[in-house]
Amino acid sequence: MANDHEIRIRLETLNEIGQALSSTRDFDSLMERIVEAARTFTQADGVTFYRIRENRLAFDLLRNLSLGLYKGGSAGEPIDLPEIPLHHADGSPNHSLVVAHAALTGNTVNVRDAYSEPGFDFSGTRAFDARTGYRSQSFLTVPMKDHVGEVIGVLQLINAGGPDPGVRVFTDADQE
């Protein structure tokens, strides 16, 4: 649970972002601020922001503190990962991938452990982990909506941290 000082800092950050929403025309810079604030609030080790482009989710920003990955956004380094289709070749919705599911339904998905989560295909996550030696565990996948409620992208936070060592599950407070 956040203490009074942490809550005050979070409110100040949200207030600054709220002011930027009404004044900035730089969507990329604003999304980067929002993504970094969400990562900080939840003490997540990793965060990815996907932007909807036509019928796909494109990697727009990728950060992982443990691996030292800073791609997309102001880092300028391109993200060399394939886009994620929102629909299969037959036109059916792609609910097997958690980020596509969140984009299609507009619902947040909180996963305790990707390696034991039924209902979603985390084979891409497992392949990434095998290549990097990382262990992706907890995920909070949040559809990002514009002012009229249309999903414009998906924010995915990975491996919540905290005062104790190790990875924790994202809480209801994190989800809020």
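Which charged end sits over the ring of Tyr115, 3.8 Å from its centre? Let's begin with that close-up; note that the model shown is predicted.

**View 1. Arginines over the ring of Tyr115.** The answer is Arg135, whose charged end sits over the Tyr115 ring at 3.8 Å from its centre. Arg126 also lies over the face of Tyr115, at 4.2 Å from the ring centre.

**View 2. Tyr50 and Phe59 as an aromatic pair.** Two aromatic pairs turn up in a search of the whole structure. In the pair of Tyr50 and Phe59, the ring centres are 4.7 Å apart and the planes meet at 50°, so the pair is tilted. Tyr50 and Phe59 are both buried.

**View 3. Phe122 and Phe139, linking distant parts of the chain.** Here the ring centres lie 5.2 Å apart with planes at 50°, so this pair, too, is tilted. Phe122 belongs to the loop between strand 5 (109–111) and helix 4 (123–132), while Phe139 is in strand 6 (residues 139–145), 17 residues apart. Phe122 is buried at a relative accessible area of 7%, and Phe139 is buried at 1%.

**View 4. The largest nonpolar core.** This core has 23 residues, of which Tyr50, Leu57, Ile84, Val99, Phe122 and Val154 touch the most other members. Strand 2 (56–64), helix 3 (98–105), strand 5 and strand 7 (151–160) each give two or more residues, and helix 3 provides the largest share, five residues. Beyond its neighbours within four places in sequence, Tyr50 has contacts that include Leu57, Ile84, Val99, Ile152 and Val154.

**View 5. A second, separate core.** Among its 16 residues are Val35, Val47, Val142 and Leu157.

Conventions
Residues numbered from 1 in each chain as written. Predicted model: local features only at pLDDT ≥ 70, side-chain atom pairs only at ≥ 80, totals over all residues. Heavy atoms only, no water. Phe/Tyr/Trp six-rings, centres within 6.5 Å; stacked < 30°, edge-to-face > 60°. Buried < 20%, exposed > 50% of the residue type's maximum accessible area, 1.4 Å probe, protein only. Helix = DSSP H or I, 4+ residues; strand = E, 2+ residues; numbered from the N terminus. Lys NZ or Arg CZ within 6 Å of the ring centre and 35° of its normal. Core = buried A, V, L, I, M, F, W, Y, C linked by side-chain atoms within 4.5 Å. Contact = heavy atoms within 4.5 Å.
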